[in-house]
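Thanks, everyone; before I start, please bring the model up on your screens, and I will then go through a few places in it one after another.

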Amino acid sequence: MPRNAVLGVDIGTSSSKGVLVATDGTVLRTAVREHTVDRPAPGHVEMDAGVWWDETVSLCRELTAGADADVLAVGVSGMGPCVLLTDADDTPLRPAVLYGVDTRAGAQISRLDAELGREEIRRRCGSLLSSQAAGAKIAWIADEEPGLFARARRLYMTSSWLVRKLTGAYVLDHHSASQATPLYDTHAQDWYTPWAEHIAPGLPMPPLRWSGEAAGTVTAEAARLTGLPAGIPVITGTVDAWAEALSVGAHRPGDLMLMYGTTMFLVHTVPDLLTDPALWSTVGALPGTRSLAGGMATSGAVTGWLRDLFGDADYAGLTALAEDSGPGANGLLMLPYFAGERTPLMDPQARGVIAGLTLSHTRGDLYRAALEATAFAVRHNIETLERAGGDIRRIVAVGGGTRGGLWTRIVSDVTGRPQQLRTVSLGASYGAALLAARLVGDASADAWNPVAHTVTPDPAATARYEELYGLYRRLHPATADVVHALAARQER
């Protein structure tokens, strides 16, 4: 007899992932499609939304073909906040502008700060304008591509585009909207019409729903393409990091989700609105929840860069070499700001630095330094979260970077804090599937995905990292003038 199941799809920066999950949380099948983003100019990071849909179709067909399962609902999530504009026929007008790794809108941020008031934006929206703010990127398109913008009739993000293609619905979840600063009023939890009309005149904002609410049902055409049953519900969906937090049950006040991926993301659930100029304040994925969040511009992207640079290396081999290098990477110190930095620096002109290099350093030392650099950045973010009023009682780690053990151990040693690892670490696609399962029955992260292991810090290693962390904090201020000048040359 076929098992009742749900299907989850997540569109990430470097790959799209799908999972078929029984309604008791058992993973039945997984599938992955790797892809790359486009970087047409310095600071510009884009992706063709056609890839999002093509890979979703392919994933759904692979996951359902011959499966002894009845799919009852579909969950979606994706990288964000992104900006995808379409015309009256829902044809994308240009590639989607991606989240905070895209830093093109600096001039628009300065202009909107002057026009609307920097602190008034923070008061109304919860966050200052930064490279993460989708509203500023809409303003960039309006300024730089006015003819194209004049034809724009709808605004999508990654998950809402999948919803549109699957169901025909034009909706967006509240959490994603709360990252469209300055278009969303975090107090009213609705679009702020005066600013939306000022920044995006003539562009109707999508109706808002919560991430786990049904956006619609699979159309006959979408069913024909994907192999999904027509008429089953599809959730509204959300940004991948918040779906990842749900996948490991990190959604209660005091929880911090630490996502190890192409970028590193931190989502701290707080009981009440907290704001800080160095962080992002958002509404949560679930009704009644709020988040204080941080995100690095790179983490796994740096380790991937090193792997490609080394040519014949693989992650397992490099991890073994980094293990042999030992704490401190034999005197190397890295700043992981290879694509600027998001929180807490909010500095799109920051750049990567490797300090202390000698002719005796090895690939293992460099790889270790990259892992330690991300750990130092995590500590910097955690300290900023707590200075802003956060109360971190539990850290739950998730993502591909948790496999192998070394990276999570380094982060615990640098921060001096334990991290829980759940049984399933598939990430956002699993969280999207969990939300879908809630549409058709009872499902919880604790039942689906119990704690499997806790990474505890080694006090001796923590003590060794203390001095290095102090040096790490000094390195960016000491080199900022130089790297900013180099960043300006790169942009020219």
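Leaving aside its neighbours within four places in sequence, which residues is histidine 175 in contact with? Before I answer, a word on conventions: this is a predicted model, in which local features need pLDDT of at least 70 and side-chain atom pairs count only at pLDDT 80 or more, whereas totals for chains, interfaces and linings use all residues. Residues are numbered from 1 along each chain as its sequence is written, and side-chain values use heavy atoms, with hydrogens and water left out.

Now to the answer: taking contact to mean heavy atoms within 4.5 Å, histidine 175 touches Thr238, Val239, Trp242, Thr282, Val283, Gly284 and Ala285. Histidine 175 sits in helix α7, residues 174-178, where helices (H or I, at least four residues) and strands (E, at least two) are DSSP runs numbered from the N terminus. With a relative accessible area of 0%, histidine 175 is buried, a term that stands for under 20% relative accessible area, with exposed meaning over 50% and partly exposed in between, for a 1.4 Å probe and protein chains only. Its side chain also makes a polar contact, at 2.9 Å, with the side chain of glutamine 179; such a contact is a pair of N or O atoms within 3.5 Å, of which, within protein, one must be able to donate a hydrogen and the other to accept it, and residues adjacent in sequence count only if both atoms are side-chain atoms.

Let me turn to the sheet. It is open, has 7 strands in the order β18-β19-β17-β16-β22-β23-β24, and its pairing is mixed, where two strands pair if DSSP finds at least two bridges between them. The edge strands, each pairing on one side only, are β18 (280-283) and β24 (451-455). Within this sheet, β16 (residues 255-260) and β22 (residues 394-398) run parallel and are joined by 5 bridges, and leucine 258 has alanine 397 in β22 as its bridge partner.

Because 10 of its 13 residues are buried, α15 is largely enclosed by the rest of the structure; among the buried ones are Tyr430, Leu434 and Leu435. By contrast, aspartate 442, found in the loop between α15 and α16 (445-448), is exposed, with a relative accessible area of 79%. Aspartate 442 lies 136 residues from leucine 306 in sequence and 44 Å from it in space, C-alpha to C-alpha.
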